[in-house]
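Subject: Handover of a structure and notes on it

Dear colleague,

Please find below the structure that I am passing on to you. I would be grateful if you could read the notes with the model open beside them.

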Amino acid sequence: MKAQKKALPVAPEADPIQVGSYFLETLTTGMYENPFHCIREYVQNGYDAINDAVRLGVLRHGEGRVLISIGGTARNTSLSVRDNGIGIPATRAYTTLVSLGWSYKIPTQHAGFRGIGRLAGIAYCTTLRFKTKHKGEVQGTIVEYDCGRIRGFLKPGAEPQDVRNVVRSSVKHRPFDEATDEHYTEVEMVGLTSLGLEFVDVDKLHPYLRQVCPVDYADSFDYADRVRALAAGYGDTIGIIDVETRLKRERVPIHKPYKNSAAVGGTKKASTSTLHDIETFTSKELGWYGWIGKSNFAGEITDDTVAGVRFRMKNIQIGDSLLIEELAEELTTSGTERRLQRWAVGEVFITNTQVVPNARRDGFEDNQAWREIRKDIKQKVAKRVVRLIRSASDARSILKKAAGACSELSLAISRQNVTSAEKSRIEGLVRRQIDILGSDKVLTGADPKEVSSLLSKFKELQERLVKVRADPPPPSPPTPPPQDGTGNFSAGGGGEPQGEQEEPSILDVVLEVLIEELGEEEAERLITLIEERLAG
């Protein structure tokens with residue numbers, strides 16, 4: 001039997017999987033609908049680097065800094081984002097900064113982990129420069145992207161190129177000497193172009209940074225300590241770093257945009273929504289906690305940086321008010337509760353590590369953990385916002401009526417010749433208003449200061465009533481005895497003249513029953529209320 005010949009090895013074919021240059025467009029302009037999101041990505045990378053430095057003992061808590069500087073000239077403006085984090089070791093700096101969709105970061109520890117955010121600035125400048133230095137080393141690394149050249153490969157009709165060849169031909173790097181104690185990463189967008197020119201407009205830059213950055217609350221926000229205590233009680237520390245902008249010599253610290261009041265629209269006259277308390281929520285089982293402001297809910301908040309409850313992971317905002325609006329829309333078949341969400345302010349902090357922000361960071365990936373949390377938040381937060389707004393509307397009506405009643409009763413007490421019956425009626429009305437203003441319904445939806453002020457006025461009326469000396473009722477005229485058909489007085493039982501017997505009214509009967517069942521004081525209060533309803 002002849003031995004079989006061994007098959008010759010087949011020469012490997014060229015890899016049929018091609019990654020073209022247009023892949024870069026997807027990772028830059030195609031990924032982020034708002035150009036400012038590229039700045040968020042660089043701040044987020046700085047935040048991760050700072051936390052790594054804290055974990056390694058290079059920084060202490062509270063020492064993390066990010067400085068956003070506007071520089072260059074009128075014709076060649078630039079913006080840089082520099083952090084004092086751990087930096088990237090020289091041995092892997094180039095590889096880290098040119099890799100696409102690859103990162104050393106750990107999703108459970110870091111805010112960013114997909115390895116694409118660093119490319120966001122390519123669309124908005126002529127040169128994207130990274131400068132990084134790791135603590136303890138004598139050299140740092142500079143990596144520069146020629147963004148104009150890269151965009152040339154992305155023009156319609158351009159010959160497709162292997163994306164790796166595009167990066168190799170458009171990126172250069174070099175080492176530089178630096179003191180061993182230095183540690184930082186700086187991203188500089190040199191020669192801002194097109195929409196990137198908006199980055200140096202501080203009237204647009206500052207509001208954006210206040211929304212998204214992992215920063216602290218301003219000292220002027222009265223409920224900051226309450227939110228911090230909420231996080232501590234939950235077992236979390238709100239990740240906070242210091243972020244500043246610098247334009248020439250002026251430095252502006254960035255804080256979250258929350259204030260004690262906010263302007264509202266949709267009213268005939270200028271009005272504000274003023275906080276008088278906050279309400280908190282926690283769910284350790286599902287992995288989230290949060291707060292909403294309790295206010296007079298005067299209308300939809302016009303400040304887009306705070307309107308609506310916002311979602312945050314690692315204290316970085318995910319999406320905007322659309323997330324809570326979409327949840328509220330599901331509360332009713334008509335979706336009418338959606339519009340009310342922008343009447344409120346608040347935050348929800350997601351701590352569940354199984355919940356993952358999507359690549360655009362405008363929402364969360366659809367998985368079981370997120371579905372359970374969104375269902376919980378829809379019922380506990382979005383629904384609660386609607387109830388508070390409804391209660392506030394009811395409270396405004398009650399307080400308006402109470403204020404009018406206070407003025408009328410004060411005028412009535414001031415009149416001379418107040419009869420005992422009138423005094424009794426006023427006393428009942430005052431007691432009734434005090435009971436109404438002390439009810440849970442009013443306290444839920446109204447400003448406690450406004451309620452307290454009205455209560456004080458009605459109690460003053462009570463004190464004034466004590467001093468009012470009521471006049472006795474005028475004597476009733478004598479009733480002539482009835483006559484029979486002959487003109488003679490008719491005789492009743494016992495020989496006494498008989499007048500016409502007046503039938504008792506329904507209210508008289510009700511009053512008798514109420515007195516027997518509840519006592520005289522409560523009976524009078526209820527009868528007064530019934531009379532008001534009948535008259536009204």
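The model is a predicted one, in which local features need pLDDT of at least 70, side-chain atom pairs count only at pLDDT 80 or more, and totals for chains, interfaces and linings use all residues. Residues are numbered from 1 along each chain as its sequence is written, and side-chain values use heavy atoms, with hydrogens and water left out.

Confidence

The mean pLDDT of the chain (the predictor's confidence in each residue, from 0 to 100) is 86, and 83% of the residues reach 70 or more. Over residues 487-501 the pLDDT is below 50. Beyond near neighbours in sequence, that stretch has 12 contacts in the model, a contact being heavy atoms within 4.5 Å.

Helix 7

Helices (H or I, at least four residues) and strands (E, at least two) are DSSP runs, numbered from the N terminus. Helix 7 spans residues 224-234, and its buried residues are Ala 224, Val 227, Leu 230, Ala 231 and Tyr 234. Here buried means under 20% relative accessible area, exposed over 50%, and partly exposed in between (1.4 Å probe, protein chains only). The face turned away from the buried side carries the exposed residues Asp 225, Ala 232 and Gly 233. Among the elements that cover the buried residues of helix 7 are strand 10 (271-283), strand 11 (288-295) and strand 15 (345-350). Gly 235 follows helix 7 and has a positive phi, near 100°.

Gln 317

Gln 317 belongs to strand 14 (residues 316-318). It counts as buried because its relative accessibility is 4%. Its side chain reaches the backbone oxygen of Gly 319 at 2.9 Å. Leaving aside residues up to four places away in sequence, Gln 317 touches Gln 211, Val 212, Arg 310, Phe 311 and Arg 312.

Salt bridges

A search of the whole structure finds 31 salt bridges, each being a side-chain nitrogen of Lys or Arg within 4 Å of a carboxyl oxygen of Asp or Glu.

One of them joins Lys 105 to Asp 48, with the closest N and O atoms 3.0 Å apart. Lys 105 lies in the loop between helix 3 (90-98) and strand 3 (125-133), and Asp 48 in helix 2 (residues 37-55), so the pair ties together parts that are 57 residues apart in sequence. Lys 105 is partly exposed, at 23% relative accessibility, whereas Asp 48 is buried, at 1%.

Another is formed by Glu 330 and Lys 378, whose closest N and O atoms are 3.0 Å apart. This pair links distant parts of the chain, 48 residues apart: Glu 330 is in the loop between helix 8 (322-329) and strand 15, and Lys 378 is in helix 9 (residues 368-414). Glu 330 counts as partly exposed at 40% relative accessibility, while Lys 378 is buried, with a relative accessible area of 15%.

Arg 371 and Asp 366 also meet through their side chains in a salt bridge (3.0 Å, N to O). Arg 371 is partly exposed at 38% relative accessibility, and Asp 366 is exposed at 60%.

Finally, a network of salt bridges links Arg 129, Glu 144, Arg 174 and Glu 188.

With kind regards

Notes. A polar contact is a pair of N or O atoms within 3.5 Å; within protein, one must be able to donate a hydrogen and the other to accept it, and residues adjacent in sequence count only if both atoms are side-chain atoms.
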